[in-house]
Amino acid sequence: MRNLTVFSILLLLCFSISCSNQRESDYPAKISDKIDTYLTKAMELHNIPGLALAVVEGDQVVYERYLGKSSLEKDAPVDTTTLFRVFSATKLITSTAVFQLIQTGKLSLEDSISTYLDDLPAQWQQIKIKHLLSHASGLPDLIRHESTLSDKALMEKLSADKMDFVTGSQFRYNQTNYWLLALIIEKITGMTFDEFVFKNQFDHSNDGVLFSSNSLEPIPNRAVRYFYNSKTQAFEKDTNNSGQRGHSGNGLNITLREFIEWNRKLDNHELLSSEMKSKMWEPFKFTNQKDHFLHGWGNYPVNELDSYGFSGGNLAAFRKFVNHQTTIILLSNGYEIPAYDIIINDVARIAIPELTAKKRTLEEEVMSLAINRRFNEATQAFMKLKEENPSTDFDNLKWNINSLGNSYLYRENNIEKALEVFKINAEANPSWWVSMASLAETYELKNDRLHAIENYQKAIRLNEGNAWNYNEQMKNKIEELQNN
């Protein structure tokens, strides 16, 4: 790891262990040691500046650690007072707020948004609260417009845009949905979104919870969010500012301790009744009968054990394994290689007894083998992982492998190493069009026309939805290769 040595991480581990022993005295030391070792290696492998992680079983915090730096410039360590911005994991808070209003009879999933928002265009009239929560609205995404626009100007532009798809037909992640939910919450309650959430979920604001979607705003104890610049091979500070409008979709800043407390309230029915939580975690019925999402929460199986939660900014992840009374919370502030799903899934495999006993394959094993150029072993490990997790798509892991191949290809200009990495995905994920497109591009650079054409053709067949409108580009490449 470039910014923290393994020795310094281990020192921080020792410090965090001494601070948290009282909270996890009954937890098997062997499991704690395994997670400690795992996190140390993962932070080094993915070049993560700072991280906080907790495992909660029932009403007990059985594992809690603070590692690395919240600020590289100030050499400030991550600790119990460190605020992390959780980005899109904020949507868990917003969906909970919506269901609190449903619970008190002030709102219904079946309510049309036009009941609460005035002067909406005709094509928005059929959109209901449930469509916003589940990203099934078909609304144009506000991120295509300038973030500096006023609410009125933005609404005018969105109203003039075409709908992305028929409402209710499919899932497409969209920031407009959660901005409108915030406006509806404010219209019903007469409070600002922030005020309603603080009053009903966090006992009003305090030092451990606040809303800010401005990365440049000076906030005491907030971890700096970093981006890794592959050209300079150094971390740079995030400058994103989504403004007040971003609070309901990406603006929560919270300490690990406060997130643990929020989870305790959720478990103890202090935020929502058992019935309301069950409704929140029901799958939305998309008419395409393909997509799968709950009402503001995702469903993430790990070795066929269901978990509910969401991730944010490739940095934070919250997962509840409801049937196993286990919650895992991960907060971090940067990476060279994203690892949020990989880490939280692997910690579940280490911590949950049903998975620990079966010694399940870890996703980090695949990454480690690939980075250490043990390509055949990495392929076998990935295939074994998929056999153990037939319901999991491994999006995070697939893209990480693909990014590693691109790094070899474009940063190191090493075509042969890149080809071996792309083969890992192609063999383990033969139905993923991106793996075939990456292979094709690499073969093209090798001047291997036959294999390039073959894999471009496979990618086109697999890319049925023409993601990124990339099929036309690949068809053009095939034509160029055939004519040369």
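I am working on a predicted model, where local features need pLDDT of at least 70 and side-chain atom pairs count only at pLDDT 80 or more, while totals for chains, interfaces and linings use all residues. Residues are numbered from 1 along each chain as its sequence is written, and side-chain values use heavy atoms, with hydrogens and water left out. My helices (H or I, at least four residues) and strands (E, at least two) are DSSP runs, numbered from the N terminus.

**H7 itself.** Which residues of H7 are buried? In this helix, residues 193–201, I noted Phe193, Asp194, Phe196, Val197, Phe198 and Gln201. Buried here is under 20% relative accessible area, exposed is over 50%, and partly exposed lies in between (1.4 Å probe, protein chains only). Those buried residues pack against helices H3 (90–103), H6 (175–189), H8 (247–250) and H9 (256–267), and against strand E5 (209–211).

I followed E5 into an open sheet of 3 strands, ordered E4-E8-E5 with antiparallel pairing. E4 (84–85) and E5 are the edge strands with a single partner each, so one side of each has no neighbour in the sheet. Two strands pair if DSSP finds at least two bridges between them; E5 and E8 (residues 252–254) have 3, in the antiparallel sense. I picked out Phe211, whose bridge partner in E8 is Leu252.

**The 7-stranded sheet.** Next I traced an open, antiparallel sheet in the order E3-E2-E1-E12-E11-E10-E9. Its edges are E3 (76–77) and E9 (298–299); each has a single partner strand, so one side of each is left without a neighbour in the sheet. E2 (residues 60–71) runs antiparallel to E3 and is joined to it by 2 bridges, and Lys69 stands opposite Pro77 in E3. I also looked at what lies across E1 (50–57) and E2: helix H2 (residues 29–46), at about 25 degrees to E2. Axes are lines fitted to C-alpha atoms, for helices over the stretch in contact, and angles run from 0 to 180 degrees between N-to-C directions.

Asn314, not a glycine, has a positive phi of about 60 degrees. I found Asn314 in the loop between strands E10 (308–312) and E11 (316–321), partly exposed at 31% relative accessible area. Asn447 has a positive phi of about 65 degrees and sits in the loop between helices H17 (433–445) and H18 (449–462). Is Asn447 buried or exposed? It counts as exposed, at 69% relative accessibility. Gln233 takes a positive phi near 55 degrees in the E6–E7 hairpin, which has 4 residues between the strands. Strands E6 (residues 226–229) and E7 (residues 234–237) run antiparallel over 4 bridges, and I saw Phe227 paired with Glu236.

**H13 and H14.** Last, I checked how H13 (residues 363–371) packs on H14 (residues 375–388): the angle is about 165 degrees and the axes are 8 Å apart. The two helices are therefore roughly antiparallel, a label used for angles over 145 degrees. Glu363, Val366, Leu369 and Ala370 of H13 make the contact with Phe375, Glu377, Ala378, Ala381, Phe382 and Leu385 of H14.

Methods
Angles under 35 degrees count as roughly parallel, over 145 as roughly antiparallel, 65 to 115 as roughly perpendicular and the rest as oblique. Contact means heavy atoms within 4.5 Å.
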